[in-house]
Amino acid sequence: MHKLLILLLLVGFNLAAMELRGEMTQGSMIVGKTVADTSVWLDGDALKVSPQGDFVFGFSREAKLTHQLEWAQPGQTKQHKTLTLTKREYKIERIKGLPPKMVTPDPDVLERIRAEGRRIAKARRIDDDRIDFTQPFIWPAKGRISGFYGSQRILNGKPKTPHYGVDVAAKTGSPVVAPADGVVTFWQPDMYYSGGTMLIDHGHGISSAFLHLSAAHVKVGQTVKQGELVAEVGQTGRATGPHLDWRINWFNVRLDPALLVPAQ
Ligand SMILES: [Zn+2]
């Protein structure tokens with residue numbers, strides 16, 4: 001009897017040592033906290049855990065709705081928890097009768113677009129030890145929300161890549177601040193689609209991207225604090241009006257920034 005009671009207490013202790021923060025839905029970033037020296041797996045893949053027990057993971061736009069989280073202290077059996085996500089509805093817009101030129105880019109710019117994509121993908125593979133992702137994020141810009149994560153346009157019957165950012169409409173020159181601490185890992189003023197583009201790494205594969213910027217106020221390699229001025233809103237690249245397109249990635253998994261901040 002006494003032995004059984006101790007076992008139950010131990011189980012209770014181990015379960016209590018796993019906290020998850022974030023909305024259990026598609027496109028969400030989940031921040032975890034456990035105790036030091038705990039290993040954690042999501043769907044069988046090991047996650048990076050900080051010496052203090054911090055870790056993070058995210059779910060894509062079309063993520064399946066059931067996932068397995070497992071964790072274990074050295075020499076102990078694995079605990080596990082089933083994570084059940086809610087399914088999201090995304091805005092789908094069908095536009096017909098467009099000239100073909102507007103649907104498919106010219107071959108001569110395709111190579112440039114691919115090369116730029118590879119450079120961005122490389123910056124998003126950085127797996128830094130920093131744990132800035134544990135901070136509650138703030139909006140990087142103020143303004144009306146003019147575009148949503150996950151929305152998709154179907155042009156002449158051809159589905160385009162979904163929109164993965166949240167768009168904040170603001171005048172050119174409006175301040176863009178760091179939504180959390182981090183380090184600047186990428187800046188290019190003139191990308192084909194996204195114009196002035198900056199990436200800030202928040203650790204463990206979590207990064208912010210800012211698109212269509214008109215100016216940068218920080219340099220690659222520079223450490224920034226939450227709320228610090230990093231750039232200015234613009235209309236560079238393929239943008240129909242001045243706005244900030246803010247994106248969040250967990251490595252190559254695209255997450256919804258709007259789930260990290262209070263409603264604006
Ligand atoms: Zn956008």
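This report describes the domains, a helix and selected strands of a predicted model.

## Basis of the description

Residue numbers start from 1 along each chain, following its sequence as written. Because the model is predicted, local features require pLDDT of at least 70 and side-chain atom pairs count only at pLDDT 80 or more, while totals for chains, interfaces and linings use all residues.

## Overall architecture

The C-alpha trace of the protein chain spans about 75 × 40 × 35 Å along its principal axes. Its secondary structure comprises 3 helices and 21 strands; these are DSSP runs, numbered from the N terminus, with helices being H or I of at least four residues and strands being E of at least two.

Of the 264 residues in the protein chain, 33% are buried. A residue counts as buried if 20 or more other C-beta atoms lie within 10 Å of its own, as exposed if 12 or fewer do, and as partly exposed in between, with C-beta atoms placed from the backbone. Among contacts with a separation of 6 or more, 64% join residues 24 or more positions apart. Two residues are in contact if their C-beta atoms, placed from the backbone, lie within 7 Å.

## Domains and their interface

The domain assignment gives domain 1 (2–84) and domain 2 (92–260); such bounds come from an automatic or database domain assignment. The domain centres, taken over C-alpha atoms, are separated by 30 Å.

At the interface, 14 residues of domain 1 are in contact with 17 residues of domain 2. On the domain 1 side, β2 (29–33) and β5 (54–58) are the elements that give two or more residues, and β5 gives the most, with 5 residues. By class, this side has 5 nonpolar, 5 polar and 4 charged residues. Here Ala, Val, Leu, Ile, Met, Phe, Trp, Tyr, Cys and Pro count as nonpolar, Asp, Glu, Lys and Arg as charged, and the others, Gly among them, as polar.

## Helix α3

Helix α3 covers residues 107–124, and its 18 residues should span 26 Å at 1.5 Å a residue, which agrees with the 26 Å between its end C-alpha atoms. The expected span is 1.5 Å times one less than the number of residues. Helix α3 is hardly covered, with 1 buried residue among its 18.

Strand β20 (residues 243–250) is mostly covered, as 8 of its 8 residues are buried. In a regular strand the side chains alternate between the two faces of the sheet. From β20, His243, Asp245, Arg247 and Asn249 point one way, and Leu244, Trp246, Ile248 and Trp250 point the other way.

Strands pair if DSSP finds at least two bridges between them. Strand β12 (residues 166–169) runs antiparallel to β20 and is joined to it by 4 bridges, with Val168 partnering Leu244. Strand β16 (residues 206–213) is also antiparallel to β20, through 6 bridges, and Ile206 stands opposite Trp250. Strand β21 (residues 253–255) pairs with β20 in the antiparallel sense over 3 bridges, where Ile248 has Leu255 as its bridge partner. The hairpin of β20 and β21 has 2 residues between the strands, and Phe251 takes a positive phi near 55° there.

Strand β13 and strand β19 (residues 229–232) pair over 3 bridges, and Val176 stands opposite Ala231 in β19.
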